[in-house]
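This report describes a protein structure for a reader who is new to it. The sequence and the structure are shown first, and the description follows.

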Protein chains: 2
Amino acid sequence: MSFSPSLQELLDALRCLPGVGPKSAQRMALHLLEKDREGAARLVTALATAAERVGLCTRCRMLTEQELCPVCAATRRDDTLLCVVESPADLVAVEESGGYRGRYFVLLGRLSPLDGIGPAELGVDLLREQLGAGHVKELVLATSATVEGEATAAYLGSLATEFGVAASRIAHGVPMGGELEYVDSSTLFRAIESRTAVESV
Amino acid sequence: MSFSPSLQELLDALRCLPGVGPKSAQRMALHLLEKDREGAARLVTALATAAERVGLCTRCRMLTEQELCPVCAATRRDDTLLCVVESPADLVAVEESGGYRGRYFVLLGRLSPLDGIGPAELGVDLLREQLGAGHVKELVLATSATVEGEATAAYLGSLATEFGVAASRIAHGVPMGGELEYVDSSTLFRAIESRTAVESV
């Protein structure tokens, strides 16, 4: 017993979604066809529209429907700060933290020579252009705290030096509200190493 | 900061999938737009095609592209057995067990008066027709072992009696390979209650 051809093709197509295996694909497909045809139609339209309209911001490589994303189009942002993130989701996370008012640059990945991802794939040419324009004074490296993220940050740090721009790395340490006993040892190692002086009041 | 309108609409549309919350919707949408435009196009086509072509089998209510599903169209099946399941996934599961060679009937739900799901929504009229046709000798009730599933089985059991057809319920008990100490007490209760005589060799 197998499903009918177009249902089987739907099951296979759903597998391209991250985190969706055979069982969830089946659950999703049957749910849409059995109970939510309206939702299925909406998803078809939304996905087709988004795939057609959403491209990359010509300045920061954020996903956007316009030529410039909202952050790049905004006039009241600090042009001297440029924060480099790995993905659009990271940009949204930094924006939501509310602690940053500069510009962004989205790498859409991180250096990973074994997977064939080098500076060209991360849009480093575009980043060079912006560093070369002269208004950026500090490059904030907000790549992830993984081996590849650190390597990417190191590479971008030397790029900043090349352009005479200061580079900084976001702080790593114990998360706010985190209890020490549950923090993994590499984070704790980093937190102790990067300790800051307490000023006496 | 928010996403662009068509991206936001895609995030909302993905939420209609079962088990997808805001975070997974974001992960899926960004994955498709950043890294897998081909997969997105394939999903659009597959979903549109399936939604257009897949309907219900006119005899058993299984999802199919034809008028009759493969099981109903097959000639070498036992017409005297009719197995009632709740969903297309359940039908596939019973087929895969390999232990059944009769026909099926798919309820596409279970009795749940509070949600407005009564006999009419479960296609009971169609089931009556088939029981009335006279070839069915046994109705195998394979609804789930939940309160609603049991209520549905009880209702269908009395329906079978009405047509002079025997009704049986699939066995409930300790799963094969299951160790007793990890089996929940209601399953174990049922397993002890439904114990079967051991024949001496």
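## How the two chains meet

The copies meet through the same surface, because 100% of the interface residues of chain A are also interface residues in chain B. In this contact, 52 residues of chain A touch 52 residues of chain B, where contact means heavy atoms within 4.5 Å. The model is predicted, so local features need pLDDT of at least 70 and side-chain atom pairs count only at pLDDT 80 or more, while totals for chains, interfaces and linings use all residues. Residues are numbered from 1 along each chain as its sequence is written, chains are lettered from A and ligands numbered from 1 in the order in which they are written, and side-chain values use heavy atoms, with hydrogens and water left out.

About 4700 Å² is buried between chain A and chain B, and carbon and sulfur atoms give 74% of this area. Buried area is the accessible area (1.4 Å probe) that two parts lose on being put together, summed over both.

## Symmetry of the copies

Chain A is superposed on chain B by a rotation of 180° with 0.0 Å of shift along its axis, at an RMSD of 0.1 Å. The two copies are thus related as by a two-fold rotation axis. In chain A, the C-alpha nearest this axis belongs to A:Val44, at 2.6 Å from it. The superposition is by least squares on the C-alpha atoms of residues with pLDDT of at least 70 in both copies.

## Polar and charged pairs across the interface

Two salt bridges are counted between chain A and chain B. A salt bridge is a side-chain nitrogen of Lys or Arg within 4 Å of a carboxyl oxygen of Asp or Glu. A:Glu9 and B:Arg42 meet through their side chains in such a bridge, with 2.9 Å from N to O.

On the side of chain A that touches chain B, the elements giving two or more residues are α1 (5-14), α2 (22-35), α3 (37-53), β2 (63-64) and α5 (88-97) of chain A. With 13 residues, α3(A) gives the most to this side. Helices (H or I, at least four residues) and strands (E, at least two) are DSSP runs, numbered from the N terminus. By class, this side of chain A has 32 nonpolar, 10 polar and 10 charged residues. Ala, Val, Leu, Ile, Met, Phe, Trp, Tyr, Cys and Pro count as nonpolar, Asp, Glu, Lys and Arg as charged, and the others, Gly among them, as polar.

## Salt bridges within the chains

Over all chains, 16 salt bridges are found in the whole structure. One of them joins B:Arg103 to B:Asp79, with the closest N and O atoms 2.7 Å apart. B:Arg103 lies in strand β4 (residues 102-106) of chain B and B:Asp79 in strand β3 of chain B, so the pair ties together parts that are 24 residues apart in sequence. B:Arg103 is buried at 6% relative accessibility, whereas B:Asp79 is partly exposed at 32%. Buried means under 20% relative accessible area, exposed over 50%, and partly exposed in between (1.4 Å probe, protein chains only). In chain A, a network of salt bridges links A:Arg59, A:Asp79 and A:Arg103.

B:Glu162 forms a salt bridge with B:Arg128, the closest N and O atoms being 2.9 Å apart. This pair links distant parts of the chain, with B:Glu162 in helix α7 (residues 147-162) and B:Arg128 in helix α6 of chain B, 34 residues apart.

## The surroundings of B:Glu86

B:Glu86 is placed in the loop between β3 (78-85) and α5 (88-97) of chain B, and is buried, with a relative accessible area of 8%. Its side chain makes a polar contact of 2.9 Å with that of B:Ser144. B:Glu86 also forms a salt bridge with B:Arg110, at 3.3 Å between the closest N and O atoms. B:Arg110 is partly exposed, at 30% relative accessibility.

## The surroundings of B:His172

B:His172 is found in the loop between β6 (166-169) and α8 (185-193) of chain B. Its side chain reaches the backbone oxygen of B:Ile170 at 3.4 Å and makes a polar contact of 3.0 Å with the side chain of B:Arg190.

Note on methods:
Polar contact = N/O pair within 3.5 Å; in protein donor to acceptor, adjacent residues only side chain to side chain.
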